[in-house]
Amino acid sequence: MARISRRIWLTGTAIGASQLLLPHTAGAHTATAKILDTKVISWQPEFYKGWPTVARRQDGELLLVWSGGRESHICPFGQVKLMRSHDGGQSWTWPTVVLDGPIDDRDAGVMETANNTILVTSFSSLAYVPSLEKAEKASQGEPGSWDPARLRRWKAAHGRVSAEQRQAALGVWMTRSTDGGLTWSRRYACCVDSPHGPIQLRDGRLLYAGKELWHGQRRVGVCQSNDDGQSWQWLATIPTRDDDTHADYHELHAVEAQSGRIVVQIRNHNRRSAGETLQTESDDGGKTWSTPHTIGVWGLPSHLLRLADGRLLMTYGYRREPFGNQARLSIDEGRTWSQPMPISSDGTSGDLGYPSTVELADRSLLTVWYERMKDSPKAALRQARWQLD
């Protein structure tokens, strides 16, 4: 299931331009990354924001979704919010609410299909309930007791629906818009969940690599849609390494290389190579998959992007010192990856990450992540603009 525990952040100070050289590794190439600027882009600092995804539409508009309206990392208030940029991330609009179910709505993904349909994904959670129940049992003034106003807020949010309705609200969800995001469908179930949502393949199908949460067999694999995301069907299960359990595979993301090869990366919490990103590949359109294998990358979860020149880019959170976010390049469709390029490395703890990246019209790159920074208990959204040579 998607991980509820997350750690990684960055400071609010802008990072100046810097040059980072990637040495040769087996099968990799040398590249230079130049960080142009880094800044906080979120509004409403009184709310905690988490687990965003950025996407670039065919007309160049940027869409950014995340879990907002939050009091903390785990709470009953999460909503999926969206804001837009019409100038390549230089400025962002005021956020709007896209999804707001009766329990906590968490990680948000977004994409635009070839038909200009916008799809937004999320999953709902009751992970806040143990904290609420513990607070309800604590006497005022005892260690661990809450301020009465906070306890009333949580109880009021939790009590919006019955216990049965809360269980029914657990799910992996999608909503779609066919008018550029002005109006949205009712949320509907969509097979699997992963933080950054589905992708579109060159044959027109939508492919969603992820994990069944709350219902079904809790499989890890891929679903497909042949009707622009209106319905989803299970396509294939991703195998499990010897001595691994699929229960410790989380937060997948996919990309299609120029040849049609599909690469999926996996957040791994099995004992072997714990904390590393694993990878699996398909050369038959997603029908069968290789056994997941290590790629020598510590950090997670990852987002994958095919650049205009055909190279693959992975960006991922780096949740140990120096805390931040990193990127790597592949020139051979994911068979090998370069040494890391730090996108940010000024984090103060592990409550940060979930970066995703888009390529802008001028071939520069924009990466967005969430981060609880040193000067605030509420996580913010942060972005970096950067270039590759």
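Helices here are DSSP runs of H or I with at least four residues, strands are E runs of at least two, and both are numbered from the N terminus. Helix axes are lines fitted to C-alpha atoms over the stretch in contact, with angles running from 0 to 180 degrees between N-to-C directions. The model is predicted, so local features need pLDDT of at least 70 and side-chain atom pairs count only at pLDDT 80 or more, while totals for chains, interfaces and linings use all residues. Residues are numbered from 1 along each chain as its sequence is written, and side-chain values use heavy atoms, leaving out hydrogens and water.

Let's start with the helix pair. H1 (residues 129–137) packs against H2 (residues 148–158) at about 130°, their axes 11 Å apart. In contact (heavy atoms within 4.5 Å) are Val-129, Ser-131, Leu-132, Ala-135 and Glu-136 of H1 with Leu-151, Trp-154, Lys-155 and His-158 of H2.

Next, the core. A nonpolar core is a set of buried Ala, Val, Leu, Ile, Met, Phe, Trp, Tyr and Cys residues joined through side-chain atoms within 4.5 Å, buried being under 20% relative accessible area with a 1.4 Å probe, protein chains only. The largest has 17 residues, of which Leu-64, Trp-92 and Leu-366 touch the most other members. Strands S3 (48–56), S4 (62–70), S24 (352–359) and S25 (365–371) each give two or more residues to this core.

Finally, visit Glu-333, in the loop between strands S22 (324–330) and S23 (341–344). Glu-333 counts as buried because its relative accessibility is 16%. Its C-alpha atom lies 8.7 Å from that of Glu-256, 77 residues apart along the chain.

Notes:
Buried < 20%, exposed > 50% of the residue type's maximum accessible area, 1.4 Å probe, protein only.
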